[in-house]
Amino acid sequence: MATGFNWFLVLSSVFLCNLVKSSLPSISSCLSKLFQKDAEQETEMRTEIQSMRMELSTVSMMDEFARYARLERKINKMTDRLKTLVKSRTAQQAKMKWIVNIAFYILQAVLMISLILKYYADPVTVVPSKWISPLERLVAFPSGVTGGVGITCWLVVCNKVVAIGLHAVS
């Protein structure tokens with residue numbers, strides 16, 4: 001890879017990381033749907049509860065109290081099981097979201113650290129010194145090359161520009 005395109009490599013890496021970061025909720029949602037088999041059971045339970053409630057509305061409480069009470073207990077029991085199932089699914093979704101986020105941030109940290117190590121001594125790009133004259137040393141950190149833009153400064157600038165650009169698009 002030509003040294004003149006170091007800035008583009010870092011910029012594209014930052015762009016891809018931010019793009020993936022913005023799609024993390026949908027990724028974790030898809031993964032939790034993929035690993036969950038309870039959704040069909042939940043739907044069946046909801047339709048069964050609905051049909052039992054319809055049946056309950058046709059039963060007279062005064063005339064058929066025993067049947068009414070039995071049906072009501074059955075509805076309550078099924079509703080409690082459904083609530084437990086929903087709580088379990090919600091906890092599993094939260095766990096999946098947490099795992100996906102942690103994995104992403106670990107991969108992002110590894111990528112950024114490898115970029116910093118790769119371009120530690122060399123500037124990512126070189127610009128005329130007068131463009132950055134009052135902050136020349138800070139911008140050149142850690143390379144120390146006059147007029148050079150160091151990896152840390154370039155990462156900060158790229159992250160901010162990409163975040164603003166993606167926020168404007170969305």
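User: In this predicted model, is Asn76 buried, partly exposed or exposed, and where does Asn76 sit?

Analyst: A residue is called buried under 20% relative accessible area, exposed over 50%, and partly exposed in between. In this predicted model, Asn76 has a relative accessibility of 44% and therefore counts as partly exposed. The place of Asn76 is in helix 4, a helix that runs over residues 65-118. Asn76 can also be related to Ile49, which is 27 residues away in sequence, while the two C-alpha atoms are 9.0 Å apart in space.

User: Where is Glu42, and in which helix should I look for it? Is Glu42 buried or exposed?

Analyst: Glu42 is placed in helix 3, which covers residues 38-58, and at 5% relative accessibility Glu42 counts as buried. Leaving aside residues up to four places away in sequence, Glu42 touches Leu82, Leu85, Val86 and Arg89.

User: How should I read the packing of two helices, and at what angle do helix 3 and helix 4 pack?

Analyst: Two packed helices are described by the angle between their axes together with the distance between those axes. For helix 3 and helix 4, the angle is about 155 degrees and the axes are 10 Å apart. An angle over 145 degrees counts as roughly antiparallel, and that makes helix 3 roughly antiparallel to helix 4. The crossing of helix 3 with helix 4 is left-handed, and the residues of their contact divide into 11 nonpolar, 2 polar and 11 charged.

User: What angle is found where helix 2 packs with helix 4, and which residues meet there?

Analyst: Helix 2 (residues 24-35) and helix 4 pack at an angle of about 130 degrees, and their axes are 9 Å apart. The two helices are therefore oblique to each other, and their crossing is right-handed. On the side of helix 2, the residues in contact are Leu24, Ile27, Ser28, Leu31, Ser32 and Phe35, and in helix 4 they meet Gln92, Gln93, Met96, Lys97, Val100, Asn101 and Phe104. By class, this contact of helix 2 with helix 4 has 7 nonpolar, 5 polar and 1 charged residues.

User: How do helix 1 and helix 6 cross, and what classes of residue make up their contact?

Analyst: The axes of helix 1 (residues 6-22) and helix 6 (residues 151-169) come within 9 Å and cross at roughly 45 degrees, and helix 1 and helix 6 are therefore oblique to each other. Helix 1 passes helix 6 in a right-handed crossing. Helix 1 brings Trp7, Val10, Leu11, Val14, Phe15, Asn18 and Leu19 to the contact, and helix 6 brings Ile151, Trp154, Leu155, Cys158, Asn159, Val162 and Leu166. The residues of this contact divide into 12 nonpolar, 2 polar and no charged.

User: How many residues does the largest nonpolar core have, and which of them have the most contacts inside it?

Analyst: A nonpolar core is a set of buried nonpolar residues joined through their side-chain atoms. The largest one here has 20 residues, and those with the most contacts inside it are Val10, Val14 and Ile151. Helix 1, helix 4 and helix 6 each supply at least two residues of this core. Another core, of 11 residues, lies apart from it and includes Met45, Met52, Ile75 and Met78.

User: Which residues does Ile151 touch, and what is the peptide bond from Phe141 to Pro142 like, cis or trans?

Analyst: Not counting residues up to four places away in sequence, Ile151 touches Val10, Leu115, Ile116, Tyr119, Val124, Phe141 and Pro142. The peptide bond from Phe141 to Pro142 is cis, with omega near 0 degrees, and Pro142 has its place in the loop between helix 5 and strand 2 (148-149).

Note on methods. Residues numbered from 1 in each chain as written. Predicted model: local features only at pLDDT ≥ 70, side-chain atom pairs only at ≥ 80, totals over all residues. Heavy atoms only, no water. Axes fitted to C-alpha atoms, helices over the stretch in contact; angles between N-to-C directions. Helix = DSSP H or I, 4+ residues; strand = E, 2+ residues; numbered from the N terminus. Parallel < 35°, antiparallel > 145°, perpendicular 65-115°, else oblique. Left-handed = near helix turned anticlockwise from the far one by under 90°. Contact = heavy atoms within 4.5 Å. Nonpolar A, V, L, I, M, F, W, Y, C, P; charged D, E, K, R; others polar. Core = buried A, V, L, I, M, F, W, Y, C linked by side-chain atoms within 4.5 Å. Buried < 20%, exposed > 50% of the residue type's maximum accessible area, 1.4 Å probe, protein only.
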